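Welcome, and thanks for taking a look at this one with us.

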Amino acid sequence: MSFHPHIEYATFHRSERKLAELGDEFRYTADNQATFNELVTHYPAEQRKSAILYALFLVQKQQGYISGASMRFVAEQIRCTPAEVEDVVSYYTMFYTKPVGKYVINVCRTLSCALLGAERVTEELSAKLGIKPGETDSSGTFTLMEVECLGACDRAPVVMVNDDWHEGLSPEQCSTFIDDIRSRGGSAFTGCHLKKEPGRGQGDGGRG
């Protein structure tokens, strides 16, 4: 009998990383190309890679998500390797590598939101939409995601919808919240209180 652990020397670690689908050939529209060309002049030539986030933002704004082909396109624009672009895309949760719905609902699940019911918010939204986190509903209207801290812990539970904001969403409000988005669009969102309260944002109650 041996007390030494049995080691399978012939086994190898296999990465579970999934590469983005290549998709159709991608190029910026003329307007987006002009926008990028102007923006990249703000950086020294040797720091061109500093514009990579904005280059990817333009892709997602144009296409709705970031495919493998668009990553290769950005690599050409930035003058780096596709692997470097993919490293950035895979790091930030704001970038999507497959088509998403018209409204992407990001539920914060970090401590403050979790303590005030974020898990139940996700459950209620899932039940209302008939999808799980990471999925898009059959109409292509809603995608549900769970994300880490959105930085508004005093207004938990917080959800970010596309680039907009909704604070203090209780589980009991979720069904009505979805109905309101369907009927009123972005006007259903509370926005960020920092832009509304005098002395906390613009200082004029959010006007102008």
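Helix 7 (residues 174-184) lies across strand 1, strand 2, strand 3 and strand 4, and it runs at about 135° to strand 2. Please keep in mind that this is a predicted model. Helix 6 (residues 118-129) lies across strand 1 and strand 2, with a direction at about 155° to strand 1.

What is the order of the strands in the open sheet? The 4 strands are arranged as 2-1-3-4, and their pairing is mixed. Strand 2 and strand 4 stand at the edges with a single partner strand each, so one side of each has no neighbour in the sheet. From one strand to the next, the twist averages 25°. Strand 1 (residues 103-108) pairs with strand 2 in the parallel sense, over 6 bridges. In this pairing, Tyr103 stands opposite Phe142 of strand 2.

**A closer look at Thr143**

Thr143 belongs to strand 2 (residues 142-147). Is this residue buried or exposed? Thr143 counts as buried because its relative accessibility is 2%, below the 20% cut-off. Its side chain makes a polar contact of 2.6 Å with the side chain of Thr136. Leaving aside residues up to four places away in sequence, Thr143 touches Val100, Gly101, Tyr103, Val104, Ile105, Glu135 and Thr136.

**Aromatic rings**

The count of aromatic pairs comes to 9. One of them joins Tyr54 and Phe57, whose ring centres are 5.6 Å apart with the planes at 40°, so the pair is tilted. Both residues lie in helix 2 (residues 52-63), 3 residues apart, which is about one turn of the helix. Tyr54 is partly exposed at 31% relative accessibility, and Phe57 is partly exposed at 36%.

Tyr92 and Phe95 also form an aromatic pair, this one edge-to-face, with 6.3 Å from centre to centre and 85° between the planes. Here Tyr92 is partly exposed, at 30% relative accessibility, whereas Phe95 is buried, at 8%. Elsewhere, ring pairs link Phe26, Tyr28, Phe36 and Phe73 into a cluster.

The accessibility values of the residues in the two described pairs are set out here.

| Residue | Relative accessibility | Class |
|---|---|---|
| Tyr54 | 31% | partly exposed |
| Phe57 | 36% | partly exposed |
| Tyr92 | 30% | partly exposed |
| Phe95 | 8% | buried |

**Backbone details in the loops**

Most residues other than glycine have a negative phi, and most peptide bonds are trans. With that in mind, a few places deserve a look.

Arg79 is not a glycine, yet it has a positive phi of about 70°. Arg79 is found in the loop between helix 3 (68-78) and helix 4 (82-91). With a relative accessible area of 65%, Arg79 is exposed.

Asn162 has a positive phi too, near 55°, and lies in the loop between strand 3 and strand 4 (164-166). Asn162 is partly exposed, its relative accessible area being 30%.

Which peptide bond is cis, with omega near -10°? The bond in question runs from Ala156 to Pro157. Pro157 has its place in the loop between strand 2 and strand 3 (159-161).

Definitions and conventions
Residues are numbered from 1 along each chain as its sequence is written. This is a predicted model: local features need pLDDT of at least 70, side-chain atom pairs count only at pLDDT 80 or more; totals for chains, interfaces and linings use all residues. Side-chain values use heavy atoms; hydrogens and water are left out. Helices (H or I, at least four residues) and strands (E, at least two) are DSSP runs, numbered from the N terminus. Buried means under 20% relative accessible area, exposed over 50%, partly exposed in between (1.4 Å probe, protein chains only). A polar contact is a pair of N or O atoms within 3.5 Å; within protein, one must be able to donate a hydrogen and the other to accept it, and residues adjacent in sequence count only if both atoms are side-chain atoms. Contact means heavy atoms within 4.5 Å. Rings of Phe, Tyr and Trp (its six-membered ring) pair if their centres lie within 6.5 Å; planes under 30 degrees apart count as stacked, over 60 as edge-to-face and the rest as tilted. Two strands pair if DSSP finds at least two bridges between them. Axes are lines fitted to C-alpha atoms, for helices over the stretch in contact, and angles run from 0 to 180 degrees between N-to-C directions.
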